[in-house]
Amino acid sequence: MKRLSLTIFFSVALMTACAQTFWLGADISGTTALEARGVQLRNAAGEPRENTALMHELGLNAVRLRVWVDPSKHGNFSSKEDVVGMARRAHDWGMALMIDFHYSDWWADPGQQTIPEAWRDMDFTEMRRALASHTREVLEAVRLTGADVKWVQVGNETTHGFLWPMARADEQMQHYAQLTDDGYAAVKEIFPKAMVIVHLDGACDPKRYDFIFDGLRRYKSRYDMIGLSVYPHWDIKSRLTSTWQETVERATANMNRLWTKYGKPLMIVETGTESSKPVEGKQIMAAIIRAARHDTNGHCHGVFYWAPEAERHYSLGAFKNHRPTAIMEAFTEAASER
């Protein structure tokens, strides 16, 4: 009887693991900026498509949208209102939604984490209130559209913290950890079931992950998921790796290590490859998706391409002449495994 019970238990556990959705997504935050310029996206057959609809057609089941605090000097793209409109589109297509808070008026990444202009003169207590209030306000506006936010990034590529210099992790880890926890609490007030993500770049480099996540552990900051950027192109440029294969292998090994050490599920929330090499790009994307899906024991829950529709000014998009290239076929083919 005991053996039968154990057999049933493990069978149910296996079925549950197999049934877990693997998310194939894209950050399409630049959609409305393209539309404002009069750009018409098309599918591979040349038929006109709105970007969210096109991503759905390509087999993607999730969308990522960034939020800037006050982008009024940059056309108001990625503002609260802009994100609400895009969230509504994602909801209409039945796509899961990730919200990515940059906590800046413009780009936030490992090289820049500029305090929003309206927050510049705040002390730490005021900054905590401002971050929590902004997070709640944006998410409440999204909630009112009927969209269900599945994941929320509390900061974008916070390899060195955010809101510099106040919460630069290299110098003020405790501030960074506290503000991250404040963001976590604010998210849960609006979307209690949303997974809160802490996102770093350079997935092939374990040291930067240990630095941040050991710090968050030390100061008891809460989060639910580890987000990673996997960019073979930038890893090779910065001499972290020498080939794209090495990036994939080391990123996969790091994901497995992070699960063992911190016990948190993972997501590749940004990736991309050179748009000028679409055949190789498809090969790279297929390898990244395959590794994330099959080589992490189910602990990596998905892969998001960053700005596939971007061209010209950005070399790692996945479109040419406003149509998807072979790179996006890696996602379509992966979607067929569902």
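Select L97 first: leaving out residues up to four places away in sequence, L97 touches V63, L65, A87, A90, V142, A147, D148, V149, K150 and W151, where contact means heavy atoms within 4.5 Å. This is a predicted model, in which local features need pLDDT of at least 70, side-chain atom pairs count only at pLDDT 80 or more, and totals for chains, interfaces and linings use all residues. Residues are numbered from 1 along each chain as its sequence is written, and side-chain values use heavy atoms, with hydrogens and water left out.

**The cores.** Together with L97 they have the most contacts inside the largest nonpolar core, which has 89 residues. A nonpolar core is a set of buried Ala, Val, Leu, Ile, Met, Phe, Trp, Tyr and Cys residues joined through side-chain atoms within 4.5 Å; buried means under 20% relative accessible area, exposed over 50%, and partly exposed in between (1.4 Å probe, protein chains only). Helix α6 supplies the largest share of this core, eight residues. Next pick W151, M225, V269 and F304, which are among the 10 residues of a second, separate core.

**The barrel.** Switch to a cartoon view. Helices (H or I, at least four residues) and strands (E, at least two) are DSSP runs, numbered from the N terminus. Eight strands close into a barrel with parallel pairing, in the order β1-β2-β3-β4-β7-β8-β9-β10; two strands pair if DSSP finds at least two bridges between them. From one strand to the next the twist averages 25°. Axes here are lines fitted to C-alpha atoms, for helices over the stretch in contact, and angles run from 0 to 180 degrees between N-to-C directions.

**Helix α5.** Select residues 124-143. Helix α5 packs on the sheet and touches β2, β3 and β4, its direction making about 155° with that of β3. Buried residues of α5 include M127, L131, H134 and V138. Among the elements covering the buried residues are α4 (80-92) and α6 (169-190). At the N-terminal end, D123 caps α5, with a side-chain oxygen 3.2 Å from the backbone nitrogen of T125.

**Strands β7 and β8.** Now show residues 195-200 and 225-230. Four bridges join these parallel strands, β7 and β8. H199 has G227 as its bridge partner in β8, while V198 stands opposite I226. Which residues point each way from β8? M225, G227 and S229 point one way, and I226, L228 and V230 the other. Six of the six residues of β8 are buried.

**S229.** Centre on S229 in β8. With a relative accessible area of 1%, S229 is buried. Its side chain makes a polar contact (a pair of N or O atoms within 3.5 Å; within protein, one must be able to donate a hydrogen and the other to accept it, and residues adjacent in sequence count only if both atoms are side-chain atoms) with the side chain of H199, at 2.8 Å.

**S72.** Finish in the loop between β2 and α4, where S72 lies. S72 counts as partly exposed, at 42% relative accessibility. The side chains of S72 and D70 are joined by a polar contact of 2.9 Å. D105 is 33 residues from S72 along the chain, and their C-alpha atoms are separated by 8.3 Å.
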